Amino acid sequence: MSTVLVIDDSETVRVQLLRAFEEAGYEVLEAENGRLGLEEMKRSKDKIDIVLCDVNMPEMDGLEMVRLVHLEDDLKGIPILMLTTEASKASKEIGKDAGVVAWITKPFKSEKVISAVERVLKRRKKA
């Protein structure tokens with residue numbers, strides 16, 4: 001069973017993704033901002049297969065969290081997908097430069113998110 005970490009300040013989004021991923025057979029961890037997400041990644045690094053992260057959050061935004069993750073040798077191999085209302089080209093470039101593997105814009109369909117996660121995990125297993 002794969003484990004996904006959902007980092008979003010919206011409880012509604014976290015619950016929607018939790019339900020969808022659990023129904024699809026995933027284990028789900030969650031955090032409500034980048035700082036807590038980074039702490040969870042450090043605590044559960046051997047368990048987390050992929051991360052879904054919002055950009056605009058209090059305390060630490062998603063792009064700052066991604067930059068910090070990619071400074072940590074034991075975390076930078078975990079793929080991170082951004083799931084956000086932020087769709088500017090500049091933000092996407094910052095994310096790509098920091099190591100984001102995919103960008104999904106809200107509002108979203110759970111099936112599309114699960115499909116994107118499965119594609120990334122398949123590519124990772126082949127590598």
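Reply: Let us begin with overall size. The radius of gyration is taken over C-alpha atoms, and the globule rule is 2.2 Å times the number of residues to the power 0.38. Because a compact globule of 127 residues would have a radius of gyration near 14 Å, the 13 Å of the protein chain agrees with the rule. Its C-alpha atoms fill a box of roughly 35 × 30 × 25 Å along the principal axes. Please note that this is a predicted model, in which local features need pLDDT of at least 70, side-chain atom pairs count only at pLDDT 80 or more, and totals for chains, interfaces and linings use all residues. Residues are numbered from 1 along each chain as its sequence is written, and side-chain values use heavy atoms, with hydrogens and water left out.

Me: Which pattern does the protein chain follow along the sequence?

Reply: Helices (H or I, at least four residues) and strands (E, at least two) are DSSP runs, numbered from the N terminus. Here there are five helices and five strands, and they follow the pattern β-α-β-α-β-α-β-α-β-α.

Me: What percentage of the residues count as buried?

Reply: Buried means under 20% relative accessible area, exposed over 50%, and partly exposed in between (1.4 Å probe, protein chains only). Of the 127 residues in the protein chain, 49% count as buried.

Me: How many aromatic pairs does a search of the whole structure find?

Reply: Rings of Phe, Tyr and Trp (its six-membered ring) pair if their centres lie within 6.5 Å; planes under 30 degrees apart count as stacked, over 60 as edge-to-face and the rest as tilted. The search finds one pair. The ring centres of Phe-21 and Tyr-26 are 5.1 Å apart and the planes stand at 85 degrees, so this pair is edge-to-face. Phe-21 is buried, at 0% relative accessibility, and Tyr-26 is buried as well, at 8%.

Me: Where is Glu-59 placed, and is this residue buried or exposed?

Reply: Glu-59 belongs to the loop between strand 3 (50-53) and helix 3 (62-69). Its phi is positive, about 70 degrees, although Glu-59 is not a glycine. With 60% relative accessibility, Glu-59 counts as exposed.

Me: Which peptide bond is cis?

Reply: The bond from Lys-106 to Pro-107 is cis, with omega near 0 degrees. Pro-107 lies in the loop between strand 5 (102-105) and helix 5 (110-126).
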